[in-house]
Amino acid sequence: SWEQLVKFVESVSARSAGVECFVVHARKALLGLSTAENREVPPLRHDWCFRLAEEFPHLKFELNGGVNTLDQVEALLSLRPPPPPVSGAQPPAVKSAVAAEAIDAANEARSSEARSSEARSSEA
């Protein structure tokens with residue numbers, strides 16, 4: 001559950017444990033499904049990773065799952081309101097070149113959007 005995930009992050013990020021970076025798997029693996037089915041059947045929960053980044057801005061969160069192409073990155077970035085920034089994504093190994101390009105494009109898009117926002121603020 002969401003509450004259990006938050007409690008887990010709170011406990012392992014406490015000073016005594018010191019965890020600062022989390023890889024958030026976008027799908028929950030379900031017993032009884034094959035590995036291939038677990039990559040397709042459970043719903044994606046990208047929003048959980050974004051919510052964690054929002055609730056714990058002092059920590060880093062990486063999204064793992066369901067982001068394999070530049071189009072998918074652009075779709076996530078086009079959400080309104082935009083999702084809180086996550087520190088990265090973990091692409092499948094076979095698609096690492098495409099994913100690296102997507103991550104670079106996402107970082108550039110965020111930087112460009114931030115520069116535009118700053119420019120608009122200074123003009124006002």
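1. The whole structure, which is a predicted model, contains zero disulfides, a disulfide being a pair of cysteine sulfur atoms within 2.5 Å. The sulfur of Cys21 has its closest cysteine sulfur in Cys49, 9.7 Å away, which is too far for a bond. Cys49 is likewise in no disulfide, the nearest cysteine sulfur being that of Cys21.

2. Exposure of the two cysteines. Cys21 is partly exposed, because its relative accessibility is 38%. Cys49 is buried, with a relative accessible area of 0%. Here buried means under 20% relative accessible area, exposed over 50%, and partly exposed in between, with a 1.4 Å probe and protein chains only.

3. Basis of the values. Residues are numbered from 1 along each chain as its sequence is written, and side-chain values use heavy atoms, with hydrogens and water left out. Local features need pLDDT of at least 70 and side-chain atom pairs count only at pLDDT 80 or more, while totals for chains, interfaces and linings use all residues.

4. Overall layout. The chain has five helices and three strands, in the order α-β-α-α-β-α-β-α along the sequence. Helices (H or I, at least four residues) and strands (E, at least two) are DSSP runs, numbered from the N terminus. Of the 124 residues in the chain, 27% are buried. Among contacts between residues at least 6 apart in sequence, 64% join residues at least 24 apart; contact means heavy atoms within 4.5 Å.

5. Packing of α1 and α3. Helix α1 (residues 2-12) packs on helix α3 (residues 46-55) at an angle of about 45°, and the axes are 12 Å apart. Axes are lines fitted to C-alpha atoms, for helices over the stretch in contact, and angles run from 0 to 180 degrees between N-to-C directions. The angle makes α1 oblique to α3; under 35 degrees would count as roughly parallel, over 145 as roughly antiparallel and 65 to 115 as roughly perpendicular, with the rest oblique.

6. Residues between α1 and α3. On the α1 side the contact is made by Trp2, Leu5, Val6 and Val9, and on the α3 side by Trp48, Arg51, Leu52 and Glu55. Six of these residues are nonpolar, none is polar and two are charged (nonpolar: Ala, Val, Leu, Ile, Met, Phe, Trp, Tyr, Cys and Pro; charged: Asp, Glu, Lys and Arg; polar: the others, Gly among them).

7. His46. This residue lies in helix α3 and counts as buried, because its relative accessibility is 11%. Apart from its neighbours within four places in sequence, His46 is in contact with Ala26, Leu63, Gly65, Gly66, Val67 and Leu76.
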